[in-house]
Amino acid sequence: MTRDELNLHRLLKEASHTQLRAYTRRHFLKESAMGLGALAFGSLLGSCSTQATGAKPVVFDPAHPLLPKSPPFLGKAKSVIYLHMAGAPSQLELFDYKPELEKMNGQDCPESLLKGKKFAFITGVPKMLGPQAKFAQHGESRAWVSENLPHFSSVVDEVTFLKAVTTDQFNHAPAQLLMHTGSARLGKPSMGSWVTYGLGTENQNLPGFVVLTSGGSFPDAGKSIWGSGFLPSVYQGVQCRSEGDPVLFIKDPNGMDRDLRKATIDAINASNEQEYAYYNDPEILSRISQYEMAFRMQVTAPEVMNIDNEPQYIHDMYGTQPGKACFANNVLLARKLVEKGVRFVQLFDWGWDAHGDGPQNSLNIGLKNKCRSTDKPITALLLDLKQRGLLEDTLVVWGGEFGRTPMLENRNGATNPYNGRDHHTEAFTIWMAGGGIKKGFTYGETDEIGYSAISGKVEPFDIQATILHQLGFDHEKFTYDFQGRPFRLTDVFGKVIHDIIA
């Protein structure tokens, strides 16, 4: 038998099996036994259903999955811009000033800080490391901010600082997943997916959930960090670029005009409609809507994602570099996207992992460089949103996946060539602004050296619960039925941080 004959034989065999799966009960029962069993088991667990918990389920219209929806109660925020500094910035060089730690600089770390603790790289007895930046108080709130953020110092009265955030994950990928999906393991929907599932989006010509990356690399958790998990695939984040075409293949190929493209989409969706009539799978309707949105995006996205038409004072304000891929461009794009009705914009900036094993991973060089590239655009974002009247209903969140140790990292017991800090789970800082959050407020406190939270302790689940609350959702009732039980973003944890809500 020739290779072509063999391939033809395999194709015919595959087609035969596909037809058998569609038409015969034997194949259906054989291949769906676990699915049928799960359905039966789920019906026995009525107490776990959304009806039993009294939750009001979100109505999912597969033909129009991104239509705007009203939340269960009136939220103060309509959209979210989440600025994630991938790698975990050091709170001790930015916001959490500790004079006592300065006095301990160079001393051996006390045994009490090491006994029974796990660190990513520290072994033996490291030295204590004082703040590697000068601090001062700013604004009417008298918030402590280091010299690394001179621009941000001018807007501290717009934000709430959460000084006692903790986590139970000290490796990047699982900590990032926990922060954005509510689970340290793969497979759960991201926060942006939950939000667009619950609220839809106000612009049907753009995705409801847009992702922008900078820093030269993806977050350690990869694209799963903005995936839709078990939610319908239409709710996954759409990664756009700040350089070149905003989405790959958004332009029509040479020789294809808009009419021909529309005819192609119509033909594809006619086939999808026939498939839906046969299988009645709602995911097919979502696929149809995605094709149609992609067609509309060809006109809308290039216009929205173009920063060249912004006035010069805006470019000066943000420090943008038109034509290049950079964080400042992404921040300006985030403002343009929420202005056009996009529900959730997620920015990831890679390169904040300050271990001290090299110059770019050091507190004295690498961290300062990252602050220099992000300080001005983040400050401009808050000022720009405010001047446009958008900050009131746009929730801006800044943070990393964990904090850094008060001790100098001694990788494998040896001193690193540059000053750096190891991963730390017991205390780090996140700040929020706009969207109904208090202005000029600090919540939570760490001990005198910034090692542990001593008041106002919060976890990633509390951050997630608060974000959902500001959008109009009760995080305990906002669920999606999967594998026979209702799942939620915050798993079985989380509490709304009411003290920071205006």
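**Figure 1. Lining of the largest cavity.** The residues that line the largest cavity of this predicted model divide into eight nonpolar, one polar and one charged (Ala, Val, Leu, Ile, Met, Phe, Trp, Tyr, Cys and Pro count as nonpolar, Asp, Glu, Lys and Arg as charged, and the others, Gly among them, as polar). They are Leu94, Phe95, Leu149, Phe152, Trp352, Thr374, Asp375, Ile378, Trp398 and Trp431. Helix α12, residues 366–387, gives the most to this lining, with three residues (helices are DSSP runs of H or I with at least four residues, strands runs of E with at least two, numbered from the N terminus). About 80 Å³ of space lies in this cavity. A cavity is a set of points on a 1 Å grid over the protein atoms alone where a 1.4 Å probe fits but cannot get out, and lining residues have an atom within 4 Å of a point.

Residues are numbered from 1 along each chain as its sequence is written. Local features need pLDDT of at least 70, side-chain atom pairs count only at pLDDT 80 or more, totals for chains, interfaces and linings use all residues, and side-chain values use heavy atoms, with hydrogens and water left out.

**Figure 2. Aromatic pairs of Phe95.** The structure holds 24 aromatic pairs (rings of Phe, Tyr and Trp, its six-membered ring, with centres within 6.5 Å; planes under 30 degrees apart are stacked, over 60 edge-to-face and the rest tilted). The ring centres of Phe95 and Phe152 are 5.8 Å apart and the planes stand at 65°, so this pair is edge-to-face. Phe95 lies in the loop between β1 (79–86) and α5 (99–103), and Phe152 in the loop between β3 (143–146) and β4 (159–165), 57 residues apart. Phe95 and Trp398 also form an edge-to-face pair, at 5.4 Å centre to centre and 85° between the planes. Because Trp398 belongs to strand β8 (residues 394–399) and Phe95 to the loop between β1 and α5, this pair ties together parts 303 residues apart in sequence. Both Phe95 and Trp398 are buried (under 20% relative accessible area, with exposed over 50% and partly exposed in between; 1.4 Å probe, protein chains only).

**Figure 3. The salt bridge of Glu93 and Arg421.** Of the structure's 21 salt bridges (a side-chain nitrogen of Lys or Arg within 4 Å of a carboxyl oxygen of Asp or Glu), one joins the side chains of Glu93 and Arg421 at 2.8 Å, N to O. Glu93 lies in the loop between β1 and α5 and Arg421 in strand β10 (residues 421–424), 328 residues apart. Glu93 counts as buried, at 0% relative accessibility, and Arg421 counts as buried at 0%.

**Figure 4. The salt bridge of Glu158 and Lys386.** The side chains of Glu158 and Lys386 meet at 2.5 Å, N to O. Since Glu158 lies in the loop between β3 and β4 and Lys386 in helix α12, the pair ties together parts 228 residues apart in sequence. Glu158, at 13% relative accessibility, counts as buried, whereas Lys386, at 44%, counts as partly exposed.

Terms used. 1 Å grid on protein atoms, 1.4 Å probe; cavity = no way out; pocket = protein on both sides within 12 Å on 5 of 7 lines; lining within 4 Å. Points joined across faces, edges and corners; volume = space filled by probe spheres on them.
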